[in-house]
Amino acid sequence: MEWDSRTDRSFARGRAALAAGVLGLLLAVGGCGASGDSSGSNEKAADSKYAPSGERAGAGADADGAASSAEDRADGKPSGAKAAPKPGAAATHVIRTATLSVEVKSVPKAVAAARGVAEGAGGLVATENTERLDDTYETSHLVLRVPQDRFQEVLRELAGSGKLLSRTSNAKDVTDQVVDVDSRIATQRASVARVRELMDRAEKISDVVALEGELSSRQSDLESLLAQQSSLKDRTSLATITLDLTPPDAPDDGGRDEDAGFLDALGGGWGAFVTMLRWVAVAFGAALPFLLTGALALLVWRALRRRGTAAPAAPAGTPEKEGTPAP
């Protein structure tokens with residue numbers, strides 16, 4: 001029994017020593033791995049510090065991706081799964097347009113009301129074209145720009161200003177185009193900055209000339225992108241409403257013409273007679289200066305002719321004296 005107890009104690013001490021050795025080995029391996037990871041992260045940080053801006057952005061994106069994958073693994077999600085986008089993370093850019101045709105009793109009053117509605121909503125009247133058909137009727141064509149959040153409200157007010165004849169509305173999502181233009185602008189600005197840095201370090205005239213040409217080209221591309229961005233911002237922030245205002249149609253006189261009587265015929269004949277007299281008077285007034293000139297020329301010619309016939313013709317030779325008898 002004594003030998004068995006000593007044997008059990010020796011086995012127990014051996015197992016304890018073996019467990020301690022395995023634990024120490026695991027700790028040593030874990031320490032080496034941690035030191036390797038820390039040294040690698042330090043090298044990546046140094047590289048990102050002295051790398052160009054695009055590479056630093058890529059390194060930051062890799063770091064964010066690694067952190068997100070670590071969080072996914074901690075939550076029990078697969079590392080390759082993409083996180084669902086948060087609502088409201090990216091704004092939606094929409095171009096809204098509408099066309100209205102409204103029949104109103106008074107076009108000037110309707111134009112003033114439409115201008116008030118647009119300006120009251122924080123917009124403006126971009127174009128106004130009013131055309132008078134005759135002394136009674138006129139039409140107006142308006143182009144209104146209103147904020148996107150007041151678009152539907154303004155449409156309802158304009159459509160209710162009279163009798164709605166037609167209405168069309170259109171919405172175009174240009175979010176991808178806006179994001180693409182913004183990204184290209186950021187890239188182009190970085191490109192222009194790099195060319196300027198190279199120009200500052202250039203020593204040869206030929207290098208400076210070449211870099212100036214490259215800078216001019218890239219600056220032109222940047223200005224074009226900025227113009228596109230401004231246009232998109234204007235069209236997505238303000239909706240466009242085209243409004244046509246027309247008066248009610250004139251009464252149709254076709255039935256009365258079919259049943260025309262004596263008085264109608266007399267009125268038509270009198271109108272034609274007055275019109276003829278007016279044209280005759282106009283023609284006479286235009287010809288009057290020529291008639292007066294011709295009459296004056298005729299009077300002068302007759303006067304000269306009478307004087308020529310009244311004067312006697314003188315006899316040939318020396319005239320005879322009075323009282324001298326003839327031979």
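Predicted model: local features only at pLDDT ≥ 70, side-chain atom pairs only at ≥ 80, totals over all residues.

Student: How much accessible surface does the protein come to, and what share belongs to carbon and sulfur atoms?
Tutor: The accessible surface is about 24,500 Å², and 58% of that belongs to carbon and sulfur atoms. Accessible areas here come from the Shrake-Rupley method with a 1.4 Å probe, and for residues only the protein chains shown count as cover.

Student: Ok. How many helices and strands are there?
Tutor: Eight helices and five strands. Both are DSSP runs numbered from the N terminus: helices are H or I with at least four residues, strands are E with at least two. Starting at the N terminus, the order is α-α-β-α-β-β-α-β-α-α-β-α-α.

Student: What percentage of the residues count as buried?
Tutor: 17% of the 327 residues. Buried means under 20% relative accessible area, exposed means over 50%, and partly exposed is in between (1.4 Å probe, protein chains only).

Student: And what share of the contacts links residues 24 or more positions apart?
Tutor: Among contacts with a separation of 6 or more, 76% are between residues 24 or more positions apart. A contact means heavy atoms within 4.5 Å.

Student: Let's do strands. Is β1 mostly covered or uncovered?
Tutor: Mostly covered: β1 spans residues 94-103, and seven of its ten residues are buried.

Student: Which way do β1 and β4 run?
Tutor: Antiparallel, with ten bridges joining β1 to β4, which is residues 163-173. Two strands count as paired if DSSP finds at least two bridges between them. In that pairing, I95 stands opposite K172 of β4.

Student: And β5, parallel or antiparallel to β1?
Tutor: Parallel, over seven bridges, with β5 covering residues 238-246. There, T99 stands opposite T242 in β5.

Student: Changing topic: how many salt bridges does a search of the whole structure find?
Tutor: Six. A salt bridge needs a side-chain nitrogen of Lys or Arg within 4 Å of a carboxyl oxygen of Asp or Glu. Side chains of opposite charge can pair when their charged atoms come close.

Student: Which residue does R145 meet in a salt bridge?
Tutor: D234, at 3.3 Å from N to O. R145 lies in β3 and D234 in helix α6 (residues 205-237), so this pair ties together parts that are 89 residues apart in sequence. R145 is buried at 13% relative accessible area, whereas D234 is partly exposed at 34%.

Student: What about R184, who's its partner?
Tutor: D180, with the closest N and O atoms 3.8 Å apart. They're four residues apart in helix α5 (residues 175-201), so about one helical turn separates them. R184 is partly exposed at 41% relative accessibility, and D180 is partly exposed at 40%.

Student: Where's the E214 salt bridge?
Tutor: E214 meets R218, at 2.8 Å from N to O. This pair is in α6, four residues apart, so about one helical turn lies between them. R218 is partly exposed at 23% relative accessibility, and E214 is partly exposed at 34%.

Student: Now E138: buried or exposed?
Tutor: Buried, with a relative accessible area of 12%. E138 is in strand β3, residues 138-147.

Student: Which side chain does E138 make a polar contact with?
Tutor: The side chain of R132, at 3.1 Å. A polar contact is a pair of N or O atoms within 3.5 Å; within protein, one must be able to donate a hydrogen and the other to accept it, and residues adjacent in sequence count only if both atoms are side-chain atoms. Leaving out residues up to four places away in sequence, E138 touches several others, including V107, P108, T130 and P247.

Student: And which strand is E131 in?
Tutor: E131 is in β2, residues 124-132. Aside from neighbours within four places in sequence, E131 is in contact with E138 and T139.

Methods. Residues numbered from 1 in each chain as written. Heavy atoms only, no water.
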